[in-house]
Each structure stands twice: as C-alpha cells, then as structure tokens.
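User: Got a two-chain model open here. Can you walk me through the strands, the helix packing and the interface?

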Amino acid sequence: MENKRKYVIPGDVITTGPYRPEQNVILDGNKIISTAIGISEIYDDSIKVIPLTGKYIPKIDDLVIGKVVSHTSLSWELDINSCYVGFLPAQDVFGRDFSAHADELSSKLKSGDLVAARIANFDRTRDPLVTIADRDLGKIDSGHLVKISPSKVPRLIGKRGTMIQTIEMATGAAITIGQNGWVVVSCETPEGLLKAKKAIQMVDEKAHVANLTDQVKEMLESKGES
Amino acid sequence: MGGRDTTLVLLDENGIRCDGRKVDEPRRIMIKAGGLKNADGSAYIEFGDNKILVGVFGPRDVHPKHMSNTDTGILRVRYHMEPFSVTERKNPAPSRREIEISKVIKEALEPAVMLDKFPRTAVDVFIEVLQADGGTRCAALSAASVALADAGIPMRDMVAACAAGKAADTIILDVNNEEDQAGQADMPIGYMPSLEKITLLQLDGVLTPAEYKKCVETGIHGCKIVYELQKKALTEKYFGNGEK
C-alpha cells in the first residue's frame with residue numbers, strides 16, 4: 001500500500017516507464033506528466049495524482065448534496081456545486097404513474113430544499129441525471145450545511161472512514177458527506193454541532209498536513225474539557 | 001510612452017544596461033499564488049516594476065449561452081490596464097491594444113489548458129495590470145498560468161513567459177520599458193518547459209537569422225527562470241515549506 005508519494009504541479013514529470021496513466025496524469029512519449037496540483041501516487045502498474053484544488057466534476061454513483069434551484073413541470077434542477085446542474089426527473093420521486101397534470105412538483109420538493117442524491121448518469125453531452133430513489137437518499141429535513149472544497153472530501157472521510165468516524169464519535173453528530181464538497185451535519189446537542197462543524201472546517205483548511213486525524217482528535221477533546 | 005530620452009545609454013562599455021542589469025539578467029520577479037478569496041484561482045506577479053493581479057473563474061456556465069461549445073470548454077481572457085497603471089491616465093475602456101493582448105494571451109494558454117474535459121463550460125481569466133513597465137504581456141501570461149493551476153484546471157504544462165530583444169546591437173533578456181521604446185527588437189516568448197513547446201512568439205523589430213535564433217534561445221532561458229518561480233509560488237501555497 002505504501003508507495004512513493006510526491007508533491008506535483010502541472011507539467012511535472014512524475015516518472016518515466018510503462019505505467020498506466022489514471023486520474024490527472026497524461027502520457028507524453030514515455031513520460032508521465034501531472035495535470036494538476038496534488039500528490040502523485042505510484043502503484044505497481046499505474047499512476048494517479050490526487051488533486052488539492054479544483055471544482056467538482058460529477059462521476060456516476062457519487063453521493064452528492066444538492067439544493068433545489070427550480071423546477072419545470074417534469075423535473076427539478078439541483079445546484080450540485082459543479083459547473084453543471086443536476087437534473088432530477090419527476091418520475092424518480094412520484095414513481096412510474098407520474099402525470100404532469102395530476103401531480104404538483106412543488107408538493108414534494110420546493111426550491112431551497114436540500115437533497116441527498118446519487119449521480120445516476122453523466123456523460124459529456126448532457127447535464128448529470130441524479131436520482132433519489134434509494135436507501136438514505138431524498139430530502140434532508142434537518143441539519144446544517146457546511147461547504148468545503150470538493151478536492152478535500154477524501155481527506156474528510158479519511159483512510160477507510162477513520163477521520164469521519166473520529167468526528168462522529170467525539171461529537172455524537174450524524175454527518176452526510178456529498179462528494180461535491182457539501183456536508184450536512186445534524187446533532188442533538190448544539191455543542192456537538194458546533195464542534196463537528198469546526199472539525200470539518202479544520203480538515204478543509206489543513207488538508208495537506210500529515211497525521212491530521214490526531215490533530216482533529218486533540219482539538220475535539222480539548223474543547224470538551226473547557 | 002512619454003518622450004524619448006536622448007541621453008539614455010542602453011548598454012554601456014562594461015555591458016551594463018540602463019537599469020543596471022547584465023545582458024542576460026532578468027528583472028526581479030516575485031510570484032504569489034492565491035490571494036483572492038472570491039475567485040476560484042488567483043495569482044499576483046511583480047515583474048520588475050510591473051504589478052499584475054489575475055483572477056480565474058471556472059469551469060462554469062457559459063453566458064451568453066450561444067458562445068458555449070458542445071465539444072469542449074471555452075477559454076475567455078480579459079487583459080485590462082488600470083487607469084493609474086501608466087504615467088498618463090489610461091482610459092479604462094478596452095483599447096485596441098488590450099483586445100489584441102487578450103487574444104494573444106488566450107491563444108498562448110489554450111495549448112496548455114485541457115478544456116476538452118469540460119464541454120459546454122467556460123473558464124474566465126481576468127488580468128488586471130496595476131502598474132506597467134514594459135513586458136506586461138509576458139508577466140500577465142506567467143501569472144495567468146499560475147492562477148489557472150491554482151483554480152485546479154487541468155493543464156498539460158505550465159506556461160512561462162519572458163521577453164528577449166535587441167538593444168544597442170546586442171541580444172538582451174527581459175526587455176524593459178526604455179529598451180522597448182528605444183531598442184531595436186522585442187520578442188515576447190511563451191514556453192511550456194516540460195513539453196518543450198513554444199505557445200507564444202511575437203517579434204517587433206528586425207533581426208538577422210542568426211540573431212533571431214539567439215534571441216529565441218535567450219527568451220527560452222528566461223522562461224525557464226520564470227518557470228522555477230511559478231513552481232515555487234505554487235509549492236509554497238499548497239505544500240508550505242515542506243519537503244518537495
């Protein structure tokens with residue numbers, strides 16, 4: 001698992017040789033060149049760069065938090081913090097027998113509502129199609145929205161979810177992380193809510209720091225005493 | 001602009017230029033990545049007495065819609081000089097020269113930016129020249145490329161830019177305002193150092209084929225100096241002073 005990690009900027013030659021270019025790298029002759037600012041990781045036969053900056057680009061099967069911005073008679077449009085708007089068809093909410101005459105879309109989701117959704121389909125030609133027909137998806141009724149940089153979402157989750165578990169355990173909050181950098185925190189106690197929000201913002205600011213989980217743990221515990 | 005100084009010595013007998021530099025010495029360059037909160041990416045550059053601020057937005061929705069391209073994203077660049085950037089007040093309305101430089105910088109950045117990943121979107125680059133002293137297009141291009149990287153827009157390589165030229169019958173690096181006005185040639189070069197490709201090359205003046213070749217080489221040497229500073233600026237912002 002441990003592999004050679006290196007800080008790179010666009011144009012840096014990570015290595016040369018027969019590797020498969022994955023995320024954020026291009027192959028030029030036999031040189032592997034980074035296309036983003038980030039941390040390069042070399043695996044047995046492939047290379048990728050984990051970016052440290054950038055907008056959210058939808059990927060199929062990503063869980064995102066969206067905000068309803070408008071609706072037509074057949075679909076909603078969601079702001080998913082990306083350069084594209086999420087497209088949520090009415091059938092997804094009302095079921096097969098949806099009828100544009102009988103059903104009023106605003107009865108289920110109004111503009112301004114927050115929704116946990118999954119990217120069902122996305123290609124270059126059309127706006128991403130999202131769905132809320134699944135477990136844990138749908139309208140979010142309570143909680144606070146925290147916005148972080150989408151490139152730092154993997155850091156907030158941590159290795160196998162360690163970071164997010166640490167925060168949830170220490171504060172008793174329930175945290176839903178959208179891959180688009182929007183995070184919903186809900187907690188029964190206001191102290192826990194504030195602490196969890198602070199921890200999330202701390203991860204956003206210090207994403208590049210090593211052993212951040214320990215620092216976050218320390219912060220969460222120290223505040224608990226005072 | 002301003003009147004020509006007839007007593008100006010562009011190059012003295014010791015090979016020292018009018019501002020005290022050697023023939024192959026660039027001006028003092030300082031680049032800082034980030035700094036603007038509301039922009040997706042930003043950069044500030046001081047290139048001698050040039051001071052330029054760049055903000056980048058995007059990829060984002062294209063307005064007006066008809067400009068969007070279903071195959072690829074589009075790059076839009078605005079180069080603008082502040083009214084106070086030169087000695088005589090400059091009319092803030094975009095001049096013929098600014099429109100041309102916007103286009104030139106856009107075309108110099110396009111080979112580097114991988115816009116095909118974001119169809120139907122636009123990346124906007126806003127360049128504000130706060131203080132001008134010759135060679136703003138090169139400084140602006142270098143800063144724009146740092147700002148684009150800061151915004152996280154995928155790029156094949158950074159674009160570094162530096163001018164070379166000819167004054168007092170000698171090929172010089174990094175032409176300043178006086179040398180531009182009174183010199184014999186000015187050649188701004190944009191260069192992608194890792195891919196070893198030129199993205200911008202203009203020439204104002206007359207050079208022999210041999211001088212031309214030397215001028216390009218000198219310019220590329222300057223670009224490599226700028227590239228190191230671009231790299232330093234981004235490394236400082238993202239990785240602190242940690243190991244590289």
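Analyst: Here is a quick tour, one topic at a time. Keep in mind that this is a predicted model.

User: Start with the interface. How many residues of chain B are in contact with chain A?
Analyst: 27 residues of chain B are in contact with 22 residues of chain A.

User: Which elements of chain B give two or more residues to that side?
Analyst: Strand E3 (50-61), H2 and H4 of chain B. H4(B) gives the most, with five residues.

User: And how do the residues on chain B's side divide into nonpolar, polar and charged?
Analyst: The side of chain B that touches chain A has 15 nonpolar, four polar and eight charged residues.

User: H2 and H4 again. At what angle do H2(B) and H4(B) pack?
Analyst: Helix H2 (residues 136-150) and helix H4 (residues 209-239) of chain B pack at about 30 degrees. Their axes are 10 Å apart.

User: Why call H2(B) and H4(B) roughly parallel?
Analyst: Angles under 35 degrees count as roughly parallel. H2(B) and H4(B) pack at about 30 degrees, so they are roughly parallel to each other.

User: Is the crossing left-handed or right-handed?
Analyst: H2(B) passes H4(B) in a right-handed crossing.

User: Which residues make the contact?
Analyst: From H2(B), Ser142(B), Ser145(B), Val146(B) and Ala149(B). From H4(B), Val226(B), Gln230(B), Ala233(B) and Leu234(B). Five residues of this contact are nonpolar, three are polar and none is charged.

User: Now the strands of chain B. How many residues of E2(B) are buried?
Analyst: Six of its seven. Strand E2 (residues 41-47) of chain B is mostly covered.

User: What does E2(B) pair with?
Analyst: Strand E1 (residues 29-33) of chain B pairs with E2(B) in the antiparallel sense, over five bridges. There, Ile29(B) has Phe47(B) as its bridge partner. E3(B) also pairs antiparallel with E2(B), over seven bridges. Ser42(B) stands opposite Gly55(B) in E3(B).

User: What sits in the turn between E2(B) and E3(B)?
Analyst: The two strands form a hairpin with two residues between them. Gly48(B) in the turn has a positive phi of about 65 degrees.

User: Over to chain A. What is the strand order in the open sheet of four strands?
Analyst: The order is E1-E6-E7-E3 (chain A), with mixed pairing.

User: Which strands stand at the edges?
Analyst: Strand E1 (5-8) and strand E3 (20-21) of chain A. Each has a single partner strand, so one side of each is left without a neighbour in the sheet.

User: And E6(A) with E7(A), how many bridges?
Analyst: Five bridges join strand E6 (residues 38-42) to strand E7 (residues 46-51) of chain A, and the two run antiparallel. Glu41(A) has Lys48(A) as its bridge partner in E7(A).

User: Where is Gly29(A)?
Analyst: Gly29(A) lies in the loop between strand E4 (25-28) and strand E5 (31-34) of chain A. Gly29(A) is exposed, with 8 other C-beta atoms within 10 Å.

User: Last one, E10(A). Which side chains point to which face?
Analyst: The side chains alternate along strand E10 (residues 85-89) of chain A. Gly86(A) and Leu88(A) point to one face and are buried.

User: What does E10(A) pair with?
Analyst: Five bridges join it to strand E9 (residues 75-79) of chain A, in an antiparallel run. Trp76(A) stands opposite Leu88(A). E9(A) and E10(A) form a hairpin with five residues between them. In that turn, Asn81(A) has a positive phi of about 55 degrees.

Methods: Residues numbered from 1 in each chain as written. Chains lettered and ligands numbered in written order. Predicted model: local features only at pLDDT ≥ 70, side-chain atom pairs only at ≥ 80, totals over all residues. Axes fitted to C-alpha atoms, helices over the stretch in contact; angles between N-to-C directions. Parallel < 35°, antiparallel > 145°, perpendicular 65-115°, else oblique. Left-handed = near helix turned anticlockwise from the far one by under 90°. Contact = placed C-beta atoms within 7 Å. Nonpolar A, V, L, I, M, F, W, Y, C, P; charged D, E, K, R; others polar. Buried ≥ 20, exposed ≤ 12 C-beta atoms within 10 Å, placed from the backbone. Pairing = 2+ DSSP bridges.
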